[in-house]
Amino acid sequence: MYFLWYLLIGLVAGWLASLVVKGNGSGLVMNLVLGVIGGLLGGWILSWFGVLAVGTFGSLVAALVGAVVLLWIAAAINKRKHNTQNVNHE
């Protein structure tokens with residue numbers, strides 16, 4: 001049962017992160033993946049600051065933080081990749 005709860009938290013966190021970073025949703029599967037991986041990453045990042053995600057709200061915040069960081073990294077990689085391709089074509 002907890003597994004389904006964590007998937008639901010991951011789905012919400014991925015959706016919220018896609019709204020924060022891009023301004024629109026990324027689709028159900030991508031939001032789920034972002035939220036679940038973001039939950040792991042967010043928990044790890046928050047632990048650097050001595051913060052422990054407790055309860056549903058804490059898990060959601062940790063997953064949101066991690067998913068936003070993942071989206072920022074992906075955007076930076078895509079921007080760099082896009083700029084490299086433009087330089088090669090000129």
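In which helix is the place of Gly38? Select Gly38 in the viewer, and you will find that this residue sits in helix α2, where helices (H or I, at least four residues) and strands (E, at least two) are DSSP runs numbered from the N terminus.

Before going further, some ground rules are needed. The model is predicted, so that local features need pLDDT of at least 70 and side-chain atom pairs count only at pLDDT 80 or more, while totals for chains, interfaces and linings use all residues. Residues are numbered from 1 along each chain as its sequence is written, and side-chain values use heavy atoms, with hydrogens and water left out.

**The whole chain**

Show the whole chain as a cartoon, and its secondary structure comes to three helices and zero strands, which run α-α-α from the N terminus on. Of its 90 residues, 24% count as buried, a word that stands for under 20% relative accessible area, with exposed being over 50% and partly exposed in between (1.4 Å probe, protein chains only). Among contacts, meaning heavy atoms within 4.5 Å, those with a separation of 6 or more come to 66% from residues 24 or more positions apart.

**Back to Gly38**

With Gly38 still selected, note that this residue counts as buried, because its relative accessibility is 0%. Leaving out residues up to four places away in sequence, Gly38 touches Val33, Ala62, Ala63, Gly66, Ala67 and Leu70.

**Where α1 meets α2**

Next, select residues 2-21, which form helix α1, together with residues 28-48, which form helix α2; the two pack at an angle of about 105 degrees, and their axes are 6 Å apart. Axes here are lines fitted to C-alpha atoms, for helices over the stretch in contact, and angles run from 0 to 180 degrees between N-to-C directions. α1 is therefore roughly perpendicular to α2, a label for angles of 65 to 115 degrees, whereas those under 35 count as roughly parallel, those over 145 as roughly antiparallel and the rest as oblique. On the α1 side, the contact is made by Leu7, Gly10, Leu11, Ala13, Gly14, Trp15 and Ser18, and on the α2 side by Leu28, Asn31, Leu32, Leu34, Gly35 and Val36.

Ser18, in helix α1, is buried, with a relative accessible area of 0%, and its side chain reaches the backbone oxygen of Trp15 at 2.8 Å. Val12 also lies in helix α1, but counts as partly exposed because its relative accessibility is 34%.

**Last stop: Ser59**

Finally, select Ser59, which is found in helix α3, made of residues 55-89. A polar atom of the Ser59 side chain lies 2.9 Å from the backbone oxygen of Gly55. Which residues is Ser59 in contact with, leaving aside its neighbours within four places in sequence? Display Tyr6, Ile9 and Ala53, and you have them. Leu40 is 19 residues from Ser59 along the chain, and the C-alpha atoms of these two residues are separated by 9.6 Å.

Key: A polar contact is a pair of N or O atoms within 3.5 Å; within protein, one must be able to donate a hydrogen and the other to accept it, and residues adjacent in sequence count only if both atoms are side-chain atoms.
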